[in-house]
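Keep the viewer open as you read.

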Amino acid sequence: QWIKEHPIVYFGYEPNWPPYEMYKDGAYTGIIGDYIKVIEEQTGIDMIPMPPVKWSETVKKLNTGEIKVVPAMGISAKRKERFVFTTPYIMDPLVVVTRDNFKVIEGISDLKGKTITLPEGYNRIELINRDYPSIKIVPAEDVQDCLLLVSTSKADAFVGSLSVVSYYVNKFGFSNLKIAAPTDY
């Protein structure tokens, strides 16, 4: 009945989160885009991406109810109070990225008193503020901007999804960056 009453669903997304979500050449694409196609085939719902905006804007629109669905979002306690989540269908470990010449670290706890950068609106900000309050967070627009801040020594580290970090490092040639440590996230 719900599907009959809602044959079209507009959704928000992170337009710069390859290989998972991208908005390129006027089209929503990526691994999650393939999942969207399966949902459309299985349900008959026409899933239509909203015009691309920064992730922080997508989160704001979800909070205000302007959009009702995002196909991928990190789960946190705060978000669980506000949103309903499906069972996760993609798991990607978060890793710490530093410059090649940065000291050896074993995890996020080795960054106490240091500066990390994270994209605005990402749930990692909530997690790291909660678990590591002595780490200073410099917000950036997206993952590429975060990696650039680390590469140019304007931040000590970045915490990001292994697949996304690998994509950006390979595509944009951040040759002075390394995956320095795993995280518990």
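**Spaces, sheets and a ring pair**

The largest cavity is lined by Gly12, Tyr13, Met50, Pro51, Val53, Thr58, Lys61 and Ile67. Before going further, note that this is a predicted model, in which local features need pLDDT of at least 70 and side-chain atom pairs count only at pLDDT 80 or more, while totals for chains, interfaces and linings use all residues. Residues are numbered from 1 along each chain as its sequence is written, and side-chain values use heavy atoms, with hydrogens and water left out.

A cavity here is a set of points, on a 1 Å grid over the protein atoms alone, where a 1.4 Å probe fits but cannot get out; a pocket is an open set with protein on both sides within 12 Å along at least five of seven lines, and lining residues have an atom within 4 Å of a point. Grid points are joined across faces, edges and corners, and a volume is the space filled by probe spheres set on the points. The largest cavity has a volume of about 40 Å³. Its lining divides into five nonpolar, two polar and one charged residue, where Ala, Val, Leu, Ile, Met, Phe, Trp, Tyr, Cys and Pro count as nonpolar, Asp, Glu, Lys and Arg as charged, and the others, Gly among them, as polar.

The largest pocket has a volume of about 1300 Å³. Its lining is made of 42 residues, and Pro71, Ala72, Met73, Gly74 and Phe85 lie nearest its centre. Helices H2 (31–43), H3 (55–64), H4 (77–82) and H5 (123–131) are the elements that give two or more residues to this lining; helices (H or I, at least four residues) and strands (E, at least two) are DSSP runs, numbered from the N terminus. By class, the lining of the largest pocket has 29 nonpolar, six polar and seven charged residues. The second largest pocket holds about 230 Å³ of space, and H3, H4 and H5 each supply at least two residues of its lining. That lining divides into four nonpolar, four polar and four charged residues.

Tyr13, met above in the cavity lining, also forms a stacked aromatic pair with Tyr23, at 6.0 Å centre to centre and 20° between the planes. Rings of Phe, Tyr and Trp (its six-membered ring) pair if their centres lie within 6.5 Å, with planes under 30 degrees apart counted as stacked, over 60 as edge-to-face and the rest as tilted.

Next come the sheets. E2, E3 and E4 form an open sheet in the order E2-E3-E4, with antiparallel pairing; two strands pair if DSSP finds at least two bridges between them. E2 and E4 (27–29) stand at the edges with a single partner strand each, so one side of each is left without a neighbour in the sheet. Three bridges join E3 to E4, and Met22 stands opposite Thr29 in E4.

Another open sheet has five strands in the order E8-E7-E9-E6-E10, with mixed pairing. Its edge strands are E8 (136–140) and E10 (177–182). Strands E7 (residues 115–119) and E9 (residues 157–161) run parallel and are joined by two bridges, with Thr117 opposite Phe158 in E9. Helix H6 (residues 143–151) packs on this sheet, and its direction makes about 165° with that of E7. Axes are lines fitted to C-alpha atoms, for helices over the stretch in contact (heavy atoms within 4.5 Å), and angles run from 0 to 180 degrees between N-to-C directions.
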